[in-house]
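The model is a predicted one.

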Amino acid sequence: QTTLIVFSLRGKNRSKVVCEMGKSKKRPQVFINFRGKDERHKLLPHLKHHLERRNVKVFTDEEATGELVENLFKHIRRSQIVIVIFSINYLESRWCLDELVEVQKCLETEKLAFVIPIFYKVEPSHVKKQSGKFGARFTSLKENYRKSRIKKWKKALRFVAKSIGLTYEKRSSISEFDFIMKIVDRVDIALNKIASMDDGNSFPETSRGESLLIPELAQFFEPVIINNIMQAWPVFHHHLLKEKERLGEKD
């Protein structure tokens, strides 16, 4: 399916310029890394619901039941964004930590565009240093796994926790619903940035197949039909002047 946006040029010459915004793309995927014990029946279902209402495909380990952890990593690499929910029992799970190491790798190799850490009733500093009540859960893992693996986990925790994220405190002044919507809005912002990077060198075309940039539409065009939200293109004024001249419109 394609989205058509039709504009009528202001002035005596009412020639129409038809701009095809391009074929609809696959739904962007967001991978959520979380501790099931803490969030499976709390924050997670509500977050998934509101992301999916924004046409975002959400992937969690629930969708990969029975798969090898290596296959789960493929879903991380196929995602545009990873949301990491740090909760009080997060460090009890080696699965969470192994996923986190993969997230770090993908960010460093640019296979992943964004990570959004969520500090849910835990302190960001406790995550970075594995301290406080949050860090206390790490003790049993350190006793049962090799030092090399523990080192990777610690490095990934510091790496992801230093990214700009969102914090929900135990005595927060906002409701959990409002906090969830803040996460959804943050995802929207990140996806828009990704889209602008992906589409930075592609522009819509006129009905004659000629390249056309559409900046400052209100100044030059009247929208006639808009079937979808249009994303902004870079402003190159000379392209508009050439287009106006081609259609016989004088300044």
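F86 counts as buried because its relative accessibility is 0%. Y90 is likewise buried, with a relative accessible area of 0%, and the rings of these two residues, F86 and Y90, form an edge-to-face pair, since their centres lie 5.0 Å apart and their planes meet at 65 degrees.

**Aromatic rings**

- The count of aromatic pairs in this predicted model comes to eight, and ring pairs join F86, Y90, F119 and F134 into a cluster.
- Y120 and Y168 form a stacked aromatic pair, with 5.7 Å from centre to centre and 10 degrees between the planes.
- This pair links distant parts of the chain, as Y120 belongs to strand β6 and Y168 to strand β7 (residues 166–168), 48 residues apart; both Y120 and Y168 are buried.
- R94 lies over the face of W95, at 4.2 Å from the ring centre.

**Helix α8**

- Helix α8 consists of 15 residues (147–161) and reaches 21 Å from its first C-alpha to its last, which is close to the 21 Å expected at 1.5 Å a residue.
- The buried residues of α8 are I150, W153, A156, L157, V160 and A161; viewed down the axis of α8, its buried residues fall within an arc of 125 degrees, so they line one face of the helix.
- On the other side of α8, K147 and K151 are exposed.
- The buried residues of α8 pack against β5 (81–86), α4 (94–108), β6 (114–120), α5 (124–129) and α7 (139–144).

Technical notes
Residues are numbered from 1 along each chain as its sequence is written. This is a predicted model: local features need pLDDT of at least 70, side-chain atom pairs count only at pLDDT 80 or more; totals for chains, interfaces and linings use all residues. Side-chain values use heavy atoms; hydrogens and water are left out. Helices (H or I, at least four residues) and strands (E, at least two) are DSSP runs, numbered from the N terminus. The expected span of a helix is 1.5 Å times one less than its number of residues. Buried means under 20% relative accessible area, exposed over 50%, partly exposed in between (1.4 Å probe, protein chains only). The arc is that of the directions from the helix axis to the C-beta atoms. Contact means heavy atoms within 4.5 Å. Rings of Phe, Tyr and Trp (its six-membered ring) pair if their centres lie within 6.5 Å; planes under 30 degrees apart count as stacked, over 60 as edge-to-face and the rest as tilted. A charge sits over a ring if NZ of Lys or CZ of Arg is within 6 Å of the ring centre and within 35 degrees of the ring normal.
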